[in-house]
Structures are given as structure tokens and as C-alpha cells.
Amino acid sequence: GPTIALRQRKKPKSSENKESAKEENIKDTPIPERAPKHVLFQRFAKFFIGCLAAVTSGMMYALYLSAYHERKFWFSNRQELEREITFQGDSAIYYSYYKDMLKAPSFERGVYELTHNNRTVSLKTINAVQQMSLYPELIASVLYQATGGNEIIEPVYFYIGIVFGLQGIYVTALFVTSWLMSGTWLAGMLTVAWFIINRVDTTRIEYSIPLRENWALPYFACQVAALTGYLKSNLNTYAERFCYLLMSASTYTFMMMWEYSHYLLFLQAISLFLLDSFSLEQSDKVHEVYKIYIFSLFLGYLLQFENPALLVSPLLSLVAALMLAKCLQLNVKKGTFVAKMIKVMNFYLVCTLTVTFNIVVKMFVPHKENGHMLKFLEVKFGLNMTKNFTMNWLLCQESLQAPSQDFFLRLTQSSLLPFYVLVLIICFLSMMQVIFRRINGKSVKETVTLKDGQIGGRPEIIYHVIYTILLGSLAMVIEGLKYLWTPYVCMLAAFGVCSPELWMTLFKWLRLRTVHPILLALILSMAVPTIIGFSLWKEFFPRLMTELSELQEFYDPDTVELMTWIKRQAPIAAVFAGSPQLMGAIKLCTGWMVTSLPLYNDDDLLKRNENIYQIYSKRSAEDIYKILTSYKANYLIVEDAICNEVGTMRGCRVKDLLDIANGHVVCEEGDKLAYSKYGRFCHEVKINYSPYVNYFTRVYWNRSYFVYKINTVISFQS
């Protein structure tokens, strides 16, 4: 009895001891203290001022673009026809479909007519929405009609206003990205300043408003800003969830807006793969981004009318290989020799699987998308030689050549390039230092402080370094890619000079002891951008104000007269033939059917362009007549600017390229003319003698254009 009672008394005593021990542990655990009210107020004030500066920068840039566009073209004082002529080349095609959507009796009917379009190119029915990525025009037309814009604003102002507004979002996203990386909104202000000053190399908005990249890149900038925040180590759960959702939405929207978007995301995926390979970020976060890619690709495939280009894209092959490699990955102890070998094998496995997946998918998925791009790259890098007109014409385009010295000179004059190179070198060397430590098995702090001086330990910084190196390498080969690379040059350079961590990393390497390095880093991170800002303000602000004060005028009376004649004199069912750039303007300004379009993502259209360009070659009247009638053309337009072109680049005139393709010039023998019994068609047809007058009758001409009616009944004269 007593023994039992004793045991019963001991049990509750032991439980009481456990509870008391738990209470002691809870008491011993340090409770995070709340920041003082003045610290919270400072953080809120900093955040509020930064957000206000970011939004204000975007709005001011959008207003600046609108004012500059008005001054450049004297837009509000022009008639509708003269306004439409300012849209050149493929921009005219995009805007013409926006007009077609507004004229449609309903949205559904308008979409159907675009997806089954047989009123643009003769003898060809195209899905214009898929082939030309017309989702921006669909959205703009819906917004215009839903908001009652027809009672407030003209369609053209609503259209270009949306694009200018997106450019404001673009600038704001770059501002936020540099702010997230540096921790100060001063970096965002410097990013915007450099972006606007170097706008000749950061954007093509001034020359071609409706370009797909002008619609798409703002969403990509938002995606990059969200990804930058998502990769940060000290992010709370709610901020991480917000960044993830924003990244998902912007990735999908970017993919829908631009046909070449998946190539840009492919470079981003490579950067994230390298980031993950060197264990510079949690693998879970990186693989969540891969899932976003997969979701966006397949949803885009379904909503883009089962677009095969997305299935055969290198992005899908890479992400599939990465996901499979993760499933096969072994858990081994970090720092061991086996772990290092596994890393090397994993890298090799991903590369092999990516190529294998891409080859297998292309075997089963019928596709013709961008086949000419591979041929172009072969010729570009000297792997192949060709006399093909289209390939040589593409090689002669300024945007597809290597950057000129003027490009680097402009970036240097604005002080952007020197600071970018400095920041890139410091970040790259710090990154290599951190990677070397990880390879050797040394522990690296998860949270890097200012005192550590290890800017290369932050994953979001390293992602941007890898990405800008990849994109910059391509921009050094193809100048057109500078519009993708230069904005990130602005952002990375601004982040670096405003970041105390970067200066602290440099001082730690230099082993600075005379002055307290942390204090000096803080001072320089404020002083250097301030000095740069004042110097930019003094030198470039007067130039910007001068541009806005100068009233320019877009004057092209010959094209206006041509379009007016077509609308008044040509039959509604007429089909016009001529250069693709002029055909785009005719489609927009008159609505008449054409034989070709200034689009270079379709093999059939490329072949049509080459055939129609034969009017500037040394071919017989009969050959040209057969080509034109095969496309049911009724009128031919010869442009004096192409026929009598005096090109600045040797061998890049249209007629020179045609002579090479047709064998009328032997390049290997010093450009000697080979025998051709026919003169250049565009010259001979103007003389009005047989046999040219048998096939063609001149019906209109001015200083720039000669219009010929293609005879249906041929009467041969001796």
C-alpha cells in the first residue's frame, strides 16, 4: 500500500518537473524585440519616398515620350493619313489590325476575321493573331471600346498612350530592381537617369511604337524585379508569396506578347541553373521558377492556337532536363570528393538531356518556326557561305551586325560603361571567391552582412551578373540585342555605385586600415551617385529640354499622294506589289490587299519578298510578269529610292544582293559583272518601250513612286 501510494505521488511530480523545465526553456529563449517607433517610422518614410520616386519616374518618362512624339511628328496637327504614315514597316501592320478590330461589328467577329484572315496577303489565308502575336492589339481594342474611349479620345492616341504607359512601367520596374539590390532608392533614380540619357541604345520606342518588344519588355522587367525579390535570402513569407505571384503573371504575359520571349527566358533559365549548380541559392526556389516556366509554356501553347514554336523551344527542353536531373539527384555530403563529382556529372547530364529532348521533340512535332534563324547564324559565324538573297539581306541589316564604336562611345560619354565594368568586375570576382570557398568545403554565411564584404554571396546579385554576361556576350555579336542588354547595364551600374556592400568588398580586398571601411563605404555609396547625378544633370538635362522645345515636322508628301491616289483611283479588289515596307504602309493607310508583308518569321512570306524584289534585278519583262501574276497582283509600285539606291555599305544594296543571288555578279572575281542580256527592270520599265509596255502600263507617278497596271491582255508590238 505505501509503495503504491509513493509511486502515484512521484508521477505527477515528474510531469510537473517537465512542465517547469519547458517553462524555463521558453523563458530562456530570447524574444525578438520590436523595433522602436522612430526606427519603424524611418523605414516607412524610406519605403514611401522610394515608392513615390519610382512611380513618379515612370509617369514622367511616359509624359516625356508623349511630348517628344508630339514635337517630333507634330502629331496633333496632322490628318489621319499623315499620322498613319509615321508607322513604318512592320509597325504599320500591327496598327492596321488594331484598326480592323475597332471596325469589326463585335469582338468575336473581329477575332475570327484575324484568325482566318484572307484580306491581307493575296492567295493566302493566315492566322494573324498567332503569326504576328496580335494579343496587344486585341487587348487595346477591348479596352478602347469598354472604357468608352471613342467618345473621349481618338484610337491612335489611345493606342500609343498604352505603349507609352507601359514604358513608364518598364522604367519603374528597373527602378525597383536596382532598389531591391542596393537597398536605397537612390540607385533607382540613377538607373532612370542613365536609361533616359542613353535611350538611343536602351529602347526603340521613338522609331517604332507598336513593335512587339515595346509591349513585352515592360512585363519582363516586372518579372525580373519579382525574381530579384524572390531570390533574396531575408524575405518574409508574405513578400515571397507576392513576388512569386507577380513573377508567374508577368512571365506568362511576357510570353504571350512576344514571339521571341522564350529565347530570353532560356537565358534566364541558364543563369538560374548556374546559380543552383554552385549552391548559391536554395534549390527549392529555383525549381519553383522552373515550374512557372513549364506552366507558362503549356498555357501559352494552348492559348496561342497550339503554337509548335513553344514546344520545340530550347527553354522547354532545358527545364525538362533540369526537372529530370533533380529527380535523379543523389543526396551526398557537401564538400566531399564524391559531391564534387556528382556536381560535374549533373552539369553534363543536364546539357546532354537538353539537347536530346530538343531533338526528340522536333522529330515528333511538325514545325517550321524560325528555321531561317539557324541558317542565318551559320552564315553569321562563318560556318557556311551562301548567295541566298534573304540571308545576305538579313546580314546587311544594321541591327544584326556587331555594335559600332559609336555605341561604346555614347555609353562612355554618359559615364555608364566605366562604372558598369567596375561593378561587374567586383561582383564577378567576389562571386568566384564565394564559389571557390564552397568547392573547398568551407562554410559560407547564409546571411551576409555589410561587415563581411562578400557581395558575391547574395544569390540575387549573382543571378544578375551571370545573366548580364550572357546577354552582353550576345549583344557584342548582334547590335539589335543591345536594346535588351543596355537597360540592365543601367540597372547594374546604378546598383553597384549605390551599394555599400560593393565598396566594402573592394575595401576588404585592399585591406584598408587608415579609415574605417564601413564608414567610408557608406559615405561613397551616397557621394558617388550624387556626383554622377549632378554631372549628368548639368550635361544632359539641357539637351533633353532642347529636344522637347524644338518643333520638328514629318514631311513625306510623295507617300501621302500615293496613298491618296490608291484610295481614290484603284479598284477595291486590287492587289498591289512592291517592297514589303511599302506594302505595310498600303495595308494600313488604304486597306487594299498586298502580295507581301515586312515580316520575317514565315518562310512563305520570305520567299514572296525575294520574288517581288526581283523588280529591281536584271530580269526580263516576261519573268517579272510571270512572278507578279502568280500572286494575282494588279498593280506594281517601283520605288526610286531602291532602284537608284546609293548604299553606304558596299554590296548591301537590294539590287547588288539580287545580282549576287541571280548570278549577275561574280563576287570571287572582284565584283565583275557577268553577262546579262536584260537591263535592270526598274530602269527599263520607265522608258516605255516594247516589250515592257506590252506587260505594264504606267498609271501614276511622282518623284518617288511609279505605279504600273499589270495588263491582263497582252498585245505584243514589233
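User: In which helix is Ser261 found?
Analyst: The model is predicted, with residues numbered from 1 along each chain as its sequence is written, and local features need pLDDT of at least 70, side-chain atom pairs count only at pLDDT 80 or more, while totals for chains, interfaces and linings use all residues. Side-chain values rest on heavy atoms, with hydrogens and water left out. Helices (H or I, at least four residues) and strands (E, at least two) are DSSP runs numbered from the N terminus. The run of residues 261-277 holds Ser261, and this run is helix H13.

User: Is Ser261 buried or exposed, and what is its relative accessible area?
Analyst: Buried means under 20% relative accessible area, exposed over 50%, and partly exposed in between (1.4 Å probe, protein chains only). Ser261 counts as buried, because its relative accessible area is 1%.

User: Which backbone oxygen lies 2.9 Å from a polar atom of the side chain of Ser261?
Analyst: A polar contact is a pair of N or O atoms within 3.5 Å; within protein, one must be able to donate a hydrogen and the other to accept it, and residues adjacent in sequence count only if both atoms are side-chain atoms. For the side chain of Ser261, the backbone oxygen of Met255 lies 3.5 Å from a polar atom. Contact in general means heavy atoms within 4.5 Å, and Ser261 touches Phe254 and Met255 when residues up to four places away in sequence are not counted. The 2.9 Å distance belongs to the backbone oxygen of Trp258.

User: How many residues apart in sequence are the parts tied together by Glu240 and Lys285?
Analyst: A salt bridge is a side-chain nitrogen of Lys or Arg within 4 Å of a carboxyl oxygen of Asp or Glu. Glu240 and Lys285 form one, with their closest N and O atoms 3.9 Å apart. Glu240 lies in helix H12 (residues 237-257) and Lys285 in helix H14 (residues 283-303), so the pair links parts of the chain whose separation in sequence is 45 residues.

User: Which residue of this pair counts as buried?
Analyst: Glu240 has a relative accessible area of 26%, so it is partly exposed. At 7% relative accessibility, the residue that counts as buried is Lys285.

User: How many salt bridges does the structure hold?
Analyst: Among them is the pair Glu460 and Arg458, with closest N and O atoms 2.8 Å apart, and both residues are buried. Another joins Asp656 to Arg653 at 2.7 Å; Asp656 is buried at 17%, whereas Arg653 is partly exposed at 24%. Asp201, Arg410, Glu479 and Lys482 are linked in a network of salt bridges. The number in the structure is 26.

User: Which helix gives the largest share of the nonpolar patch?
Analyst: Patches are made of residues with over 30% relative accessible area and no salt bridge, with like charges joined within 9 Å and nonpolar side chains (Val, Leu, Ile, Met, Phe, Trp, Tyr) within 5 Å. The nonpolar patch on the surface is formed by Val421, Ile425, Phe428, Leu429, Met432, Ile469 and Trp509, which together have about 570 Å² of accessible area, from the Shrake-Rupley method with a 1.4 Å probe, where for residues only the protein chains shown count as cover. Ile469 sits in helix H22 (residues 459-475) and is partly exposed at 32%. The largest share, 5 residues, comes from residues 416-439, helix H21.

User: What is the bridge partner of Tyr635 in E7?
Analyst: Strand E3 (residues 635-639) pairs in the parallel sense with strand E1 (residues 575-577) over 2 bridges, and Ala577 stands opposite Leu636 there. E3 and E7 run antiparallel and are joined by 5 bridges. In E7, the residue that partners Tyr635 is Lys709.

User: Which residue in E7 stands opposite Trp701?
Analyst: E6 pairs with strand E7 (residues 705-710) in the antiparallel sense, over 5 bridges. The residue of E7 opposite Trp701 is Phe706.

Notes: Pairing = 2+ DSSP bridges.
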